Amino acid sequence: MNSSDQLTSNENFLEQIINEDLSNGFNKRKLKFRFPPEPNGYLHIGHAKSICLNFGFGKTFSSPVNLRFDDTNPEKENIVFINSIKEDIKWLGFKWDSECYASDYFNELYDWAIYLIKNNNAYVDSQDQETISIQRGVPSSAGELSPYRERTVDENLDLFKKMKEGNFMPGDCVLRAKIDMSSPNMHMRDPVLYRIINHEHHRTKDKWKIYPTYDWAHGQSDYIEGISHSLCTLEFQVHRELYDWLISKIPKQKEILPKQREFARLNLSYTIMSKRKLAEIVNSGLVSGWDDPRMPTISGLRRRGVPPQAIINFCDKVGVAKRENIIDYALLDFCTREVLNKISYRVMVVLDPVELEIINYPEGDSETLTAENNQEDETYGSREISFSKNLFIERDDFKEQANRKYFRLTIGKEVRLKNGYIIKGESIEKDSEGNINKIVCTYDPKSKSGSGTPESLRKVKGTIHWVDKNNYENISVNIFDKLFLSEVPDENNEADIKKLINRESIKNYNTACAEISLKDADFNKYYQFQRKGYFKLDKKNPEIIFNQTVTLRDNIKF
RNA sequence: UGGCUCAUGGUGUAACUGGUAACACGUCUGGUUUUGGUCCAGAAGAGUCUAGGUUCGAGCCCUAGUGAGCCAACCA
């Protein structure tokens, strides 16, 4: 299976815009996209939507897609985030054309700022942040002009140079665009283009004392790279007027101007996408880290065992529009199962074991049975599993008393041991507290799976999994539940997100018994523990610890 | 109370730019099955936020209203 080839979605409104541009004469070879993360955190499933969108366009239009780090704020950004972001994108299977950094353009941006000043389109304001904020006013009425708004070009040039040379302290002054203090769009009320920050930048080190703001850096970066369509989320809609204005004021060398268009970000039920809140639960120790298998981060999903193709399929099914949305988590689960069903290796693991003794099986005997690795695809081959008189089965696969709808093991009823024989429950042994510690059964020696005998072909309602008590591997298994109790944990912005955490979202089974083949469990494989779900070996641990990715679809009603 | 954006089954996305709503997930039936999985067959569920208007005809166009989101960081 290979990335988005077989996807069949309708063309979304952004693709329509691109196609319109094309039919209006835009040269297809000039199409270019970009994914522009700020390296201040880990990527999550919401970013995956943007990644799939941009790189998806790259594929459908055979256009380059740049990875550009929006690294204009050295106080928040860090090289470790750059590395994790690159790793996640690669893992998803996408290849960027060039690896770019807004900081690569700092010189050019500086020159253009001088150009703006010379054209009376920017000025140095020497007021403090609070004053500027107050002067900006409120949306419903005009703001006031800064007293420094009419400084001469020479004065501005001189001051700006001094800002750059470090003659001022942070907060002393900023460079502002001179636009319109009465605009109903607050972003047009003389936005800040440069501020002074005394902090080493992870790439430019201590070269700069001033750093461009998002508004000044982003559109110009798009312009420099020749991005044709700059796609971002809805909250940047109000920035578009400024985006276009700034590009219209820089010296023109190119005929193609980037076009910003906005789409709705992804929201998933029972989880959150806010980097800040995600950081909060990481820092408070409620999860083990950014890559905790319960986290909606790419690294968390990876560790959980969600394959990249499932994420790509999910992003495709989710669609792209401008409407606020909350996607049902069940859709992600569906996409995960759909992929995993085809590629996972089936094995038998008993999470909560109870002993099963076959009284009419010869004492001391054992045999080797063969089992298919993946009934969806015979090229996965088969493996051997051992069978003997004493086995483990799942504790809840037996009931002393059961109604007609229960078709696992019970006294007097037959059930099939997967890949083995048909057995019948005979009796149970309990300890002094009434807990079952052994189930005794008989087996039909002629009913061996695959033997072709009439006995083996008998229809038996239930099939259960098992592990040989004389030949198994003890493993540890993590079962997960939703991380948040609320369907929309982000709903109330003021609420303490930590209080919404499901404290029972992880359950560990450290006495699980696995068939012996799992002694060589492979990090690169996806497994299905039959009847229990899909599981992935945890890469962070030297011992064998499996994380449950998703359960099997479960329709039990009784 | 300024501006921008959005409004279609439970959820998400479509509807060839005007011809009486489709696809996916979810839900429910039934069948197959050595995984209560997969697979197969089928069903229920919206008349498109409201009110007007244009039109032979409107989810698509117009007007007004209602509801929701975003914007007043030297964050992105």
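1. By class, the surface near RNA strand B comprises 24 charged, 24 polar and 22 nonpolar residues. A residue is near the strand if one of its heavy atoms lies within 4 Å of it. Ala, Val, Leu, Ile, Met, Phe, Trp, Tyr, Cys and Pro count as nonpolar, Asp, Glu, Lys and Arg as charged, and the others, Gly among them, as polar.

2. This is a predicted model, in which local features need pLDDT of at least 70 and side-chain atom pairs count only at pLDDT 80 or more, while totals for chains, interfaces and linings use all residues. Residues are numbered from 1 along each chain as its sequence is written, chains are lettered from A and ligands numbered from 1 in the order in which they are written, and side-chain values use heavy atoms, with hydrogens and water left out.

3. Arg323, Arg346, Phe407, Ser449 and Gln528 come nearest among the 70 residues around RNA strand B.

4. A side-chain N or O atom of Arg136 is 2.8 Å from a phosphate oxygen of RNA strand B. Backbone N or O atoms also take part: that of Val320 lies 3.2 Å from a phosphate oxygen, and that of Asn419 lies 3.0 Å from a base oxygen.

5. Helix H12 (329–343) is one of the elements that supply at least two residues of this surface, and H12 gives the most, with four. Helices (H or I, at least four residues) and strands (E, at least two) are DSSP runs, numbered from the N terminus.

Note on methods:
A polar contact is a pair of N or O atoms within 3.5 Å; within protein, one must be able to donate a hydrogen and the other to accept it, and residues adjacent in sequence count only if both atoms are side-chain atoms.
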